[in-house]
Every structure is written in structure tokens, then in C-alpha cells.
Amino acid sequence: MKEILRGKDIRPAKGKLGVLIPGIGAVTTTLLAGVLSARKGLARPLGSVTQMGKIRLGKRTENRMIPVKELVPIADLNDIVFGGWDIFTDSAYQAAMKAQVLDPRHIDPVKDELSSIVPMTAVFDKNYVKKLDGENVKKGKNKMDLAEQLMKDIENFKKLHNIDRVVMCWAGSTEAYHQSTKIHSDIKQFEEAMKNNDPAVTPSQVYAYAALKMKIPYINGAPHLTTDCPALLDLANENNVPVCGKDFKTGQTLMKTILAPGFQARLLGVSGWFSTNILGNRDGEVLDDPESFKSKEVSKLGVLDTILKPDVYPELYKNLYHKIRINYYPPRGDNKESWDNIDIFGWMDYPMQIKINFLCRDSILAAPVMLDLILFTDLAQRAGMHGIQEWLSFYFKSPMVKEGLYPENDLFVQRDKMENTLRYMAKEELIHHTGLDYYYDVEEK
Ligand SMILES: NC(=O)c1ccc[n+]([C@@H]2O[C@H](COP(=O)([O-])OP(=O)(O)OC[C@H]3O[C@@H](n4cnc5c(N)ncnc54)[C@H](O)[C@@H]3O)[C@@H](O)[C@H]2O)c1
């Protein structure tokens with residue numbers, strides 16, 4: 001087993017970091033406009049741990065809170081070069097204007113940079129995203145051929161921009177629900193299936209395969225399977241490449257994983273949690289198709305069980321009725337609105353209710369998540385880490401975990417895990433919050 005590189009041994013973030021993104025839509029263009037504006041000092045990268053986060057080191061008496069980017073060698077925003085693929089030919093500027101997440105007065109100052117990011121032809125299969133049709137799509141004799149075309153795209157991009165390292169992050173539409181099949185059980189069968197144009201190989205898996213073959217880390221911002229199967233995980237481990245997913249944790253699920261740990265910690269029962277949403281962006285339209293919604297539903301439904309643990313506390317959570325609805329409602333655009341009704345019960349079984357009405361902006365919440373994932377995954381690779389990056393669960397609705405483990409969904413446990421991983425990388429003492437030294441000191445005095 002290879003050791004993770006720590007402290008000064010982590011390869012420095014020298015040279016340019018290429019960020020290649022399948023899907024130049026609402027989330028991607030919001031990320032790009034924000035990063036480009038931050039570079040010019042025109043906007044603050046709020047919500048990003050890599051840019052604004054501080055981390056406590058040592059004992060509380062030491063008063064050491066240092067910026068995360070000073071603790072570990074994170075790539076500089078000025079060293080990032082963006083590129084990507086989409087089934088539409090719109091430049092990132094045109095896509096940002098169409099997405100209507102950002103006001104034109106926040107897009108115009110970076111218009112030239114955004115206009116220069118023009119999507120390469122995509123690997124696409126309408127069977128996996130029923131609601132979309134685009135003209136900017138690759139043709140090839142089979143899926144292996146398409147993967148090879150993607151590898152050529154990556155090579156050309158690297159040469160053109162003199163790139164040192166690359167990270168790939170999926171921000172394309174959610175694909176129809178599918179599970180691992182026999183062809184996903186090892187890489188040989190997977191490669192055979194690609195050559196045979198097997199329908200079980202999804203477009204996102206063609207991208208992931210191309211990335212992993214080229215030793216490029218792959219992040220999955222959507223809920224579908226992609227690298228969460230033995231074939232692609234084996235390839236990632238063999239090639240020493242980090243992977244992580246699935247589904248950026250934003251909006252309603254973020255709120256759920258903030259609240260549920262509190263109910264569980266105070267042993268309040270939960271009998272029902274009804275969540276409904278309206279949203280009107282392209283993502284909402286794609287999710288209007290039941291098969292794409294099913295991918296989303298599975299990723300959203302899982303979070304409560306692993307936090308509340310009904311098997312450990314059946315008297316509090318066994319009968320919990322959890323229902324999620326997503327409704328496509330065009331007038332609302334990217335400004336989603338969600339409602340949660342939570343039925344809880346406490347002392348002597350007295351019932352109580354909590355109502356949440358969250359008027360959020362999906363892509364505003366997703367952009368810093370995507371930025372952190374890109375920068376932390378690049379860091380992980382330079383630290384020699386490979387396979388599933390569970391320490392990045394903090395950012396996902398449905399975190400990938402090794403077979404046999406359940407995912408950790410509690411946002412605060414996820415944060416502790418992430419911060420301790422960063423401390424470990426930096427050769428700093430891990431923090432466990434027991435404060436036992438304090439009590440012993442007091443007794444000794
Ligand atoms: N916005 C959020 O808060 C949030 C949270 C979690 C997950 N996500 C996921 O992130 C993804 C992007 O969301 P969005 O709001 O930007 O959606 P979007 O519809 O605005 O953008 C997706 C883009 O992907 C393109 N695309 C589809 N299939 C492709 C393919 N095979 N190759 C290349 N491009 C392809 C589409 O043409 C579109 O431009 C979705 O899967 C969404 O479910 C978003």
C-alpha cells in the first residue's frame with residue numbers, strides 16, 4: 001500500500017491546472033464567472049472552504065486559526081484553465097446568459113474570458129437524457145472509439161494551454177437511473193462492452209474511462225453511477241487516480257443533513273419528512289423525466305437513514321415516512337423554492353412540527369462546492385491518494401464509499417473528517433474535541 005504524501009512531500013501546485021467539464025450549463029457557468037471575477041477582485045468566492053475557510057490547529061489555548069490554503073498547497077485560482085464539452089455549441093458566455101443565474105452586470109466584466117471557452121463536441125446518448133437534443137455530438141464506430149476521441153481532446157487541450165495537471169468534473173445533466181451490471185464488474189468486461197457498444201455503458205462512463213486512463217481525477221457532480229462500479233474503481237486504483245461523487249450537496253439536502261444530526265443527537269423522534277420543490281432551469285426540465293428523477297430521488301432519499309439510524313433507534317425512526325417531490329416550474333428558473341414539513345415527537349411522545357421554506361439559488365450553492373472539489377481532488381492526487389476520496393463526502397448528497405461501508409451523511413461528521421484529513425496531510429495533530437487534558441490539568445492544580 002502506498003503512503004500518502006504529507007507536509008513538504010506533497011507535490012507542489014506548480015504550473016497550470018486544467019479543469020475539464022462535461023456540461024457547460026448553469027452550475028458550470030456560475031462557477032466560471034465567479035472564479036474569473038474573483039481573479040479580477042470583482043467578486044468574493046463565498047461558500048468556498050479552499051478560498052475562505054480557516055482551520056483550527058493545536059490546542060484552543062494556542063489560538064491558531066489559519067487559512068486552509070496556507071495549511072496545504074492548493075492550486076491558485078490564477079493557474080486554472082477551464083475547458084469542457086457540451087451537446088450545444090454555446091460558448092460559456094452565451095450559456096451563462098441563457099442560464100439566467102447571474103445578472104448580466106456580473107457576467108459582462110468577464111465576457112471575453114467566458115466567450116473564449118467554447119465546448120468541444122460531446123459524447124451523448126439520448127436514451128440517457130430523454131429531454132435533451134443537441135447538435136454538438138461526436139460520432140464514432142463504438143464507445144471505445146468515442147473514449148479515444150475524448151483522450152485526443154484532452155491531449156490537445158493540454159498542449160494548447162501548456163497544462164501541467166488536469167481534473168475532470170461532471171456537471172452535465174443527470175442520466176437516467178441505472179445500476180451496476182455484469183459488464184461493470186471488472187475492467188476487461190467493461191472495455192469489451194465499450195467495443196461492442198453495449199447500452200449499459202453510459203456517456204458519463206465514457207468520459208470517466210477516458211479520464212482515468214489518462215490518470216486524471218474524476219469528480220461526479222450528478223447522482224448517476226459513473227465511477228461507482230468495480231470496473232472503474234479498479235482502473236482508478238490501478239492508475240493511482242482519485243475519484244469522488246456523487247451529486248453536489250446543495251439546497252434541500254444540505255438543510256436535511258444540517259438538521260437531522262441535531263434531532264438525532266437530542267433523541268427527538270421523526271415520524272414524517274415531506275420535501276417538495278419547484279424549479280424551472282434545464283436541470284429541472286431533465287428531472288421532469290421519471291428515469292432521470294429516479295437517479296435524483298435515490299441520492300436524496302438515502303441521507304436520513306444513515307444519519308438517524310432507524311436500526312439503532314427503531315423507537316424513534318422506524319416508522320419515518322420520507323417523501324420527496326421535484327416539480328418542473330419554468331417561471332422560477334434557477335431560483336428554486338423548497339418546502340419541508342417535518343413531523344417530530346419528543347418527551348411523552350408529544351408531537352411537534354417544523355416548516356422550512358428555503359428560497360435558494362441552486363447554482364449559487366453549487367459553484368463553491370464544485371470549486372472546492374476540483375482543488376481538493378487535485379491536492380489529493382499530488383498527495384498520492386487514489387480511489388474513493390471519502391474525506392470529500394462533505395460536498396456530496398450520496399457519498400461514494402468502499403464496498404461494505406455505509407456513507408456518512410452527517411454534515412458535521414463529514415466536516416470533522418475533512419478537516420482532520422487536511423491536518424493529517426499537513427502533519428498537524430488531529431483534533432478530537434474531548435478536552436481531557438483540560439480536566440486532568442484542573443485536577444492536578
Ligand atoms: N445546481 C445544483 O444545485 C445541483 C446540485 C446537485 C447536482 N447538480 C447536478 O449538476 C448537473 C448540472 O446542473 P445544471 O443546473 O448546471 O444543469 P444544466 O442543465 O444547466 O447544465 C447541464 C449541461 O450538461 C449538458 N449535457 C448533457 N449531457 C451531456 C453530455 N453527455 N456531455 C456533455 N454535456 C452534456 C447539457 O447540454 C447542459 O448544458 C446536473 O446533473 C445536476 O443534477 C446540480
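A residue is called buried here if 20 or more other C-beta atoms lie within 10 Å of its own, and exposed if 12 or fewer do so. The legends below describe a predicted model.

**View 1. Helix 10 and its buried residues.** Helix 10 spans residues 230-238, and Ala231, Leu232, Leu233, Leu235 and Ala236 in it are buried. Among the elements that cover these buried residues are helix 8 (187-195) and helix 9 (203-213), together with strand 8 and strand 13 (387-388). An α-helix has 3.6 residues a turn, so residues three or four places apart point the same way. After helix 10 comes Asn240, with a positive phi near 60°.

View 2. The protein chain is divided into domain 1, made of 7-248 + 364-425, and domain 2, made of 251-359. Between the C-alpha centres of domain 1 and domain 2 there is a distance of 26 Å. In the contact between them, 28 residues of domain 1 meet 28 residues of domain 2. On the side of domain 1 that touches domain 2, 13 residues are nonpolar, seven are polar and eight are charged.

**View 3. The shell around the ligand.** The ligand is surrounded by 37 residues, of which Gly23, Gly25, Ala26, Ala222 and Arg282 are the closest. Two or more residues of this shell come from each of helix 1 (26-39), strand 4 (80-86), helix 12 (282-287) and helix 15 (362-382). Helix 15 supplies the largest share, with four residues. By class, the shell around the ligand holds 20 nonpolar, twelve polar and five charged residues. Domain 1 and domain 2 each contribute at least three residues to the shell.

View 4. Four strands, in the order 10-9-11-12, form an open sheet with mixed pairing. Strand 10 (321-328) and strand 12 (351-359) each have a single partner strand and stand at the edges, so one side of each is left without a neighbour in the sheet. Direction ignored, neighbouring strands of this sheet are turned against each other by 10° on average. Helix 13, residues 290-308, packs on the sheet and touches strand 9 (269-279) and strand 10. The direction of helix 13 makes about 150° with that of strand 10.

View 5. Strand 11 (residues 337-345) and strand 12 run antiparallel and are joined by nine bridges. Two facing positions can be picked out: Asn341 has Lys355 in strand 12 as its bridge partner, and Ile342 stands opposite Ile354 in strand 12. The two strands form a hairpin with five residues between them, and Met348 in the turn has a positive phi of about 60°. Strand 12 is hardly covered, since the count of buried residues among its nine residues is zero.

View 6. The peptide bond that joins Gly245 and Lys246 is cis, with omega about -5°. Lys246 belongs to the loop between strand 8 (242-244) and helix 11 (251-265). For comparison, most peptide bonds are trans.

**View 7. Two loop residues with positive phi.** Most residues other than glycine have a negative phi. Asn63 is not a glycine, yet its phi is positive, about 55°. Asn63 is placed in the loop between strand 2 (54-57) and strand 3 (64-67). Because Asn63 has 9 C-beta neighbours inside 10 Å, Asn63 counts as exposed. Lys309, also not a glycine, has a positive phi of about 55°. The loop that holds Lys309 runs between helix 13 and helix 14 (314-317). Lys309 has 14 C-beta neighbours inside 10 Å and therefore counts as partly exposed.

**View 8. Arg105 in helix 5.** Arg105 is part of helix 5, residues 104-107. Arg105 is exposed because 7 other C-beta atoms lie within 10 Å. In sequence, Arg105 and Leu225 are 120 residues apart, and from C-alpha to C-alpha they are 38 Å apart in space.

Conventions:
Residues numbered from 1 in each chain as written. Predicted model: local features only at pLDDT ≥ 70, side-chain atom pairs only at ≥ 80, totals over all residues. Domains from an automatic or database assignment. Contact = placed C-beta atoms within 7 Å. Nonpolar A, V, L, I, M, F, W, Y, C, P; charged D, E, K, R; others polar. Near = placed C-beta within 6 Å. Pairing = 2+ DSSP bridges. Axes fitted to C-alpha atoms, helices over the stretch in contact; angles between N-to-C directions.
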